[in-house]
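Have the sequence and the model side by side.

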Amino acid sequence: MQDLEGKVAVITGAGAGIGEGLAETFAAEGMKVVVSDIEGDKAEGVSARLRDQGAEAVAVQTDVTDRAAVEALAEHTLRHFGAVHLVCNNAGVCLGASAHESSDADWEWLFRVNVHGVIHGCQAFIPRLIEQGQGGHIVNTASIGGLLPAGPILGVYTATKAAVVGISESYANSIEPHGIGLSILCPAGVATDLIHAERNRPPELGQREGDLEDILGPMFDDGMSPRMLGQWVVRAVRDGRRFIFSHPEMREAVQGHFDQILADFDWAEKQSL
Ligand SMILES: NC(=O)c1ccc[n+]([C@@H]2O[C@H](COP(=O)([O-])OP(=O)(O)OC[C@H]3O[C@@H](n4cnc5c(N)ncnc54)[C@H](O)[C@@H]3O)[C@@H](O)[C@H]2O)c1
């Protein structure tokens, strides 16, 4: 998608952090922006600021775990702006614990938001993009952890993000013939409030004393700015990139991970001799 001016972007989890950075950048490109978040007041705050700066923006309170609410977000977008072109399934949450120390409720919460939230966005918007017949682009926010398991500290989180990578690759091939591109955003340390994600955990799933601040705090303090990441996303959408990495220096670690996988192919080849 080359021409962004006047086109319509929808971003989930846009009341703060990376989503807010995307909203600001898209507005600066002349796009009309739907700012969506479970925290409706924050979405409204971002949207009001964009309008003050001269952009066309609207806020919609949406919990991405609720399929009907995401459907309503798509309907609202079409009613308000008459079209949709760029959809960023970005809302996400995190908790700091190994897989075996995580409860059923931990798994459920993270999969509901990080995985089902992305599926809901794809299911609600892709048929409308196809029907509209103007092409478009999807950006699904995964993480570098989706390609590089982060060991014991972020067990459930990296599992959800690997799922986002797989789900996105599944959609990508089937929507390409409709002129719809798809990028997988894999950030690695962006200065946001993700370490306080527990604030949005549903009460029925209990609370957990997280130690995310200790684990990720320093990395986030020195992180890339969400606005700069937004500018990279704009360039990657225009260039039709499948993966968008915020930290190219992570290449070696990813290479090391895939080398381990290939080493097991070497082992398997020896077994069949
Ligand atoms: N910050 C990083 O370094 C980093 C690294 C890798 C991946 N990510 C991913 O980036 C995305 C954005 O996170 P962020 O870092 O900007 O964190 P953030 O906490 O600043 O922003 C996340 C936003 O999602 C919203 N949200 C939470 N639950 C929701 C729900 N059920 N429905 C709708 N909105 C909901 C929050 O209210 C918040 O505004 C997430 O998917 C996260 O996993 C971030």
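S1 and strand S4 (residues 86-89) pair in the parallel sense, over three bridges. Helices (H or I, at least four residues) and strands (E, at least two) are DSSP runs, numbered from the N terminus. Two strands pair if DSSP finds at least two bridges between them. Alanine 9 of this pairing stands opposite leucine 86 in S4.

The model is a predicted one: local features need pLDDT of at least 70, side-chain atom pairs count only at pLDDT 80 or more, and totals for chains, interfaces and linings use all residues. Residues are numbered from 1 along each chain as its sequence is written.

S1, H1 and S2 make a right-handed β-α-β unit. A crossover is right-handed if, with the strands pointing away from the viewer, the path from the first strand over the helix to the second runs clockwise.

What covers the two faces of S1 (residues 8-11)? Val8 and Val10 are buried on one side, and Ala9 and Ile11 are buried on the other. A residue is buried if 20 or more other C-beta atoms lie within 10 Å of its own, exposed if 12 or fewer, and partly exposed in between; C-beta atoms are placed from the backbone. In a regular strand the side chains alternate between the two faces of the sheet.

S2 is mostly covered too, with six of its six residues buried. Lys32, Val34 and Ser36 are on one side, and Val33, Val35 and Asp37 are on the other. S2 pairs with strand S3 (residues 57-61) in the parallel sense, over five bridges. Aspartate 37 stands opposite glutamine 61 in S3. From S2 the chain crosses through helix H2 (residues 40-52) to S3, and this β-α-β crossover is right-handed.

Strand S6 (residues 180-186) has seven of its seven residues buried, so it is largely enclosed by the rest of the structure. Ile180, Leu182, Ile184 and Cys186 are on one side, and Gly181, Ser183 and Leu185 are on the other. Six bridges join S6 to strand S5 (residues 136-141), and the two run parallel. In this pairing, threonine 141 stands opposite leucine 185. Three bridges join S6 to strand S7 (residues 243-245), again running parallel. The bridge partner of isoleucine 184 in S7 is phenylalanine 243.

**The core**

Which residues touch the most other members of the largest nonpolar core? They are Ala9, Ala23, Val33 and Val35, out of 69 residues in that core. Its largest share, 10 residues, comes from helix H4 (residues 104-132). A nonpolar core is a set of buried Ala, Val, Leu, Ile, Met, Phe, Trp, Tyr and Cys residues joined through C-beta atoms within 7 Å.

Take valine 35. Leaving aside neighbours within four places in sequence, valine 35 is in contact with Ile11, Ala14, Ala23, Ala43, Val46, Ser47, Ala57 and Ala59. Two residues are in contact if their C-beta atoms, placed from the backbone, lie within 7 Å.

**The ligand shell**

There are 33 residues around the ligand, and Gly13, Gly17, Ala91, Gly92 and Thr192 come nearest. A residue is near a molecule if its C-beta atom, placed from the backbone, lies within 6 Å of it. Helix H1 (residues 17-28) gives the largest share of the shell, three residues. The shell divides into 13 nonpolar, 15 polar and five charged residues. Ala, Val, Leu, Ile, Met, Phe, Trp, Tyr, Cys and Pro count as nonpolar, Asp, Glu, Lys and Arg as charged, and the others, Gly among them, as polar.

Glycine 256 lies in helix H8 (residues 251-271). Glycine 217 is found in helix H6 (residues 212-221). Arginine 238 is found in helix H7 (residues 226-239). The table lists C-alpha to C-alpha distances.

| Residue pair | Apart in sequence | C-alpha separation |
|---|---|---|
| Glycine 256 and arginine 67 | 189 residues | 38 Å |
| Glycine 217 and leucine 194 | 23 residues | 9.5 Å |
| Arginine 238 and methionine 1 | 237 residues | 5.2 Å |

Why does glycine 256 count as exposed? It has 10 C-beta neighbours inside 10 Å. Glycine 217 is exposed, with 12 other C-beta atoms within 10 Å. Arginine 238 is partly exposed, with 15. Leaving aside neighbours within four places in sequence, arginine 238 is in contact with Met1 and Gln2.
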